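Hello,

Here is the structure we talked about. Please have it open while you read; my notes follow below.

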Amino acid sequence: MKNKMMAGLLAVCAMAAAPAGIAQTAPDYAAIVAAPDRSDADRKLDTHRAPAQWLAFIGAKPGMKILDIFAVFG
């Protein structure tokens with residue numbers, strides 16, 4: 001029974017790790033950060049937060065919801 005459960009778990013992990021059939025190009029994070037609808041207060045914080053680099057690091061893609069759980073300034 002344990003072996004079947006382990007095999008099932010490994011199969012699910014392998015499916016989750018498999019690359020998507022359609023390759024997506026990375027969004028233009030710099031353009032997203034430069035969007036005109038962002039506040040001046042957010043833009044001031046950008047010098048310390050480097051949001052474009054963080055978005056690229058975590059691999060943010062359209063449709064994802066990102067939560068900043070380490071909000072030092074807010």
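**Asp46 and its surroundings**

Asp46 touches Val33, Arg38 and Pro51, leaving aside residues up to four places away in sequence. Please keep in mind that this is a predicted model. Asp46 sits in helix α3, which covers residues 40-49. Is Asp46 buried or exposed? Its relative accessible area is 14%. The cut-off for buried is under 20%, so Asp46 counts as buried.

Which side chain does Asp46 meet in a polar contact? The partner is Arg38, and the contact between the two side chains is 2.7 Å.

Arg38 itself is placed in a loop. That loop runs between α2 (29-33) and α3.

Trp54 and Phe57 form it, in an edge-to-face arrangement. Their ring centres are 5.5 Å apart, and the planes make an angle of 90°. The cut-off for edge-to-face is over 60 degrees, so the 90° angle puts the pair in that class.

Both residues belong to helix α4, residues 51-58. They are 3 residues apart, about one turn of the helix. Both Trp54 and Phe57 are exposed.

Ile58 is in helix α4. Its relative accessibility is 44%. Exposed would need over 50% and buried under 20%, so Ile58 counts as partly exposed.

**The chain as a whole**

What is the order of elements from the N terminus on? It reads α-α-α-α. The protein chain has 4 helices and 0 strands. The accessible surface of the chain is about 6,700 Å². Carbon and sulfur atoms account for 68% of that surface.

Best wishes

Technical notes:
Residues are numbered from 1 along each chain as its sequence is written. This is a predicted model: local features need pLDDT of at least 70, side-chain atom pairs count only at pLDDT 80 or more; totals for chains, interfaces and linings use all residues. Side-chain values use heavy atoms; hydrogens and water are left out. Rings of Phe, Tyr and Trp (its six-membered ring) pair if their centres lie within 6.5 Å; planes under 30 degrees apart count as stacked, over 60 as edge-to-face and the rest as tilted. Helices (H or I, at least four residues) and strands (E, at least two) are DSSP runs, numbered from the N terminus. Buried means under 20% relative accessible area, exposed over 50%, partly exposed in between (1.4 Å probe, protein chains only). A polar contact is a pair of N or O atoms within 3.5 Å; within protein, one must be able to donate a hydrogen and the other to accept it, and residues adjacent in sequence count only if both atoms are side-chain atoms. Contact means heavy atoms within 4.5 Å. Accessible areas come from the Shrake-Rupley method with a 1.4 Å probe; for residues, only the protein chains shown count as cover.
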